[in-house]
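Morning, everyone. Let me put the model up, and then we go through it piece by piece.

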Amino acid sequence: MDVKQYQSQFLYRTKILAISVFISLGVFLPVANADETCQSPYMAKIVGQEDYVYVWTLGMEGLGDEQDKLVTIGANPDSPNYGKVINTLSVGGRNEAHHSGFTDDRQYLWAGGLDTNKIFIFDVHTDPSKPTLTRTITDFVASSGGVVGPHTTYALPGRMMITGLSNNTDHGGRTGLVEYTNAGDYITTHWTPTDTDLRGAIKAGEYADGYGYDVRVLPRRNVMLTSSFTGWSNYMMDFGKMLKDPEAMKRFGNTVVQWNLHTRQPKKVFDVPGAPLEIRCAWDPNHNYCFTTTALTSKIWLIYEDKQGDWQAKEVADIGDPSKIPLPVDISIQSNDKMLWVNTFMDGKTRAFDISDPFQPKQVFEKQIGKQVNMVSSSWDGKRLYYTTSLLSNWDKKGKDNEQFLKLYHWDGKQLTQKFSIDFIKLKLGRPHQMRFGANALYATTPAADASVLAQLKE
Amino acid sequence: MARYNVLIQSLVIFVLLAACVVLASLADQTPSSTQIQAPGYGQLAFEAPTPGSYQLPDLGLAANGLVLNVDGQELNLDDLMGDKLVLLSFIYSTCNDSNGCPLATAVFYRIKQRLESHSVLARQLRLLTLSFNPLNDTPEVMREYGQGLSDSGLDWRFLTTASEQQLNPILEQYRQTVNKIVNEQGEFTGAFSHTLRVYLIDKNKHIRNIYSVSFLHPDTLINDLETLLAEAADSAQRVNHSNVDRRETNNETIAPEHASHHPIDLLQTINKPSLGLPAMPVPANNPVTRAKIRLGRKLFFDRRLSLNRTISCAMCHVPEQGFTSHEMKTAVGIEGRTVGRNSPTVYNVGYYQTLFHDGRESTLEQQAWGPLLARNEMANPSIGFVLDTIKSSADYDGLFEKAFSKPVGMETLGMALASYQRSLNSANSRFDQWKYGGKTAVLNQAEINGYQVFVGKGGCVNCHVISDDSALFTDNQFHNTGIGFSDAMQISQKQHRIQIAPGVFVEVDSSIVDSVSEQKANDLGRYAVTLDPHDRWKYKTPSLRNIALTGPYMHNGQFETLQQVVAFYNQGGIQNPELDVNIKTLHLTASEQADLVAFLHALTGNNVNRIIADALTAPVGDPH
């Protein structure tokens, strides 16, 4: 399913020419992001009211059934299930549930486990209110030739690009990208360039560590970017133990890699020191840039195409007080490229940066969401922001600071107003991590059912 | 309805052709917000990759199905593949979404135009436009749809199916999502919501690329086609391509510096001890054999031997990292659980009289079960669970019987793992050649000076024993250096110095670190085994063989470098009531300390790369 499906439906209902619909919507703004403003550019987007939030949730020892689960939350204020848990689907084991992503046809949600390397494939189209587990990939490591820690599951046409975080020989940070067909069959592996094997890439700076984390693409520039985190040993280790371990702290990624999207060949390795994590690209067709933030050094970096057509990396802003390690984690770009939300885990804050000038982001707002906060997912119009708390099972705060919730806030341009909060500890669910949106209209075959989305489309 | 269809069809063709005409002349103009069309209508905004400079991986077999051509003849889709490269698109003729089906047809049309001057490729290409609306798109409708598009030159077929029953399996196998749009009465409106898909299929009938709206462009398609032609032209590559791609990827090593995978006869390290090592003590009930070593190696690297199938012995005892882990002070077990001590190397482990840092185990055969059952290491819930894992793994069939003449059991599993570890012997270092081999020139003066400090002023040899004909560098005893005492008794630091990027450190308040720290378990060393207060914070003397390869150092991994270790002993360790009598201020000069470090670097065995290469031949037991 693609964006154009909406236009087809819209066209049918409003009896106007398809071409004008495209004009009003700007379908081919080439972008990729984490939440709804952040989906793969190859994918249909929900530009109106989402009906569901799918929360990939880590099982927690001593709580409930202790295992990972996909939790479905009602998100439509017109529904009696608004702000309630509609469904939970336990998958067995604690797999270090982390990120998830839809296939390009948005029929299935792929959710990875960073520890056990399983990938769970959920059918979200047959009944969007009640996803079902249709397949579990258990041979990811063997098939990929040793990649461990399936992280980002990112839609490309007819296939999924999956970033790894580690490897099966030393559980360190050297890793690669793995491609699967939408059917769940292994295609190929692309190892990230290292100093000893640059694979044809050039080093723009000092490092080529071969680490991995996120992936985003700009199809019209034929660019794919990957960032770099750390290996299994660190992401599974108790956070405090790691911070006090100088050997462990040497093992973080310091690079962003530019790849040729079409050929999957690495082209350039940038120095971006201090664990660059999420990558978010601008939406405007003339904005040839993406942002990333470094977890340890607490900085916003701009990865951009210069006037000569070469890609560069530049540090453009501090996030909070870097000397206190606020630990920027998830980020979210507004669909108008005006603002970037940055969550900092340690102080539980969300911060808004004005990025009208991408080279000079300025913080314009901050608010504490809880004792800890990790993910933020924004609706397309930027008016609704969902927050969850869990970072990694052994990195989350300990004791009473280990709040685990999903909160919805409304953003009016000046303030965040909380609309609902769901306590995942009280409900014995676990540690909520990544959120993805669902909408009945995505799979509707009747015009009546998709009214809310289509109404939004007219804007 | 029919009139509506014709109207829409005309509109589609008009939009398609108009878009081609208009956009073909746009050249470098950037479309304004009122002109946004799929990239496939315009100029490619980047330079298409050079044909043949990249590979298109195999996406699996292109599915077959029964279709109808414009004459109404039934054909196997399969019969339209194999002799030529194929581009297959799914459309419906009344699709009025210019960035939908008409885009696929427009791109095909542009390819056809381009290939008029490229007869080689034109002859080897077939375009298939297959309708997913058999109710409306009869062979006759598809003939009309194709009129003016497939007049001559390129082989472009317009296809449909006899029924939805024939169509649906095709759509399903190509994972082409199609939903009918119905009206309020539930009646089909003639419109579909669908994903735009175009498939590139090679002459082996395998899918080699899939294109959708943002990705479909004549330039990249033609270059992909030429890439496949170039591949076919290289017969050797053609024969092997799909297998080679995957095999090369899978065999790419994570550690290129140890890329060689060569088994060696590890039994020789026991039967003929390397220069500098004494005879290996072998239990009478477990004589070492090659079969046992091979089996033990397989077990050592097998990640299935843990509750969630992720942790093998080798995940903490990494061959390329000195059979320990360079990347952390103390180990991390299953689910990231904290292990309190540094992973000890298993080089020359067969010579120890006791095992573990606190010496709580007495034989390698028994020791094997410790990590397998420890909740914070491999976390197997029972002995039977481990044995059942092996019994149910076909790749172990007959191996225990061959090695032990009996099946896997608690005893034989320990024996096999012990046999492999007992064979990981490494000596004949430059020191050994100098000391025991009569090669006086192999050590430089700094190293010789370091040796003199080691056996003289430094007093290191008191615990790290060197004998007349061999050297284990351990007295197999337990000593208190003060490090354990300090860990247990010191007042917590107010700040922690933390590296946040190469060369960049920050001082962070301990309250911040504490908020994400679990309660640290206490460690009393040998006392935990004897309950003798005099044994508080005593740990076993480790061998120093291969010490340059086995950092970080001490039972808690506190020191990153050998310089730090030497400086620690030079200052006399850390004062505490049970401090070992041999540990006292040494008053070594900077030069003497440097020499001592140089000497320690001369203790690396000459066969470590061969042992690593052998280790890399072991399968790691990831689920298939």
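95 residues of chain A are in contact with 88 residues of chain B, contact being C-beta atoms, placed from the backbone, within 7 Å. This is a predicted model: local features need pLDDT of at least 70, side-chain atom pairs count only at pLDDT 80 or more, and totals for chains, interfaces and linings use all residues. Residues are numbered from 1 along each chain as its sequence is written, with chains lettered from A and ligands numbered from 1 in the order in which they are written.

Which element gives the largest share of the side of chain A that touches chain B? H1(A), with seven residues. Helices here are DSSP runs of H or I, at least four residues, and strands are runs of E, at least two, numbered from the N terminus. Other elements that give two or more residues include strands S12 (176-181) and S13 (186-191) of chain A. By class, that side has 33 nonpolar, 36 polar and 26 charged residues. Nonpolar is Ala, Val, Leu, Ile, Met, Phe, Trp, Tyr, Cys and Pro; charged is Asp, Glu, Lys and Arg; the others, Gly among them, are polar.

Next, a sheet in chain A. Four strands, ordered S19-S20-S21-S22, form an open antiparallel sheet. Pairing takes at least two DSSP bridges. Inside, S20 (289-294) and S21 (299-305) of chain A share six bridges. Tyr289(A) faces Tyr304(A) of S21(A).

Last, chain B. The contact of H16(B) with H21(B) has seven nonpolar, two polar and three charged residues.

How values were computed. Contact = placed C-beta atoms within 7 Å.
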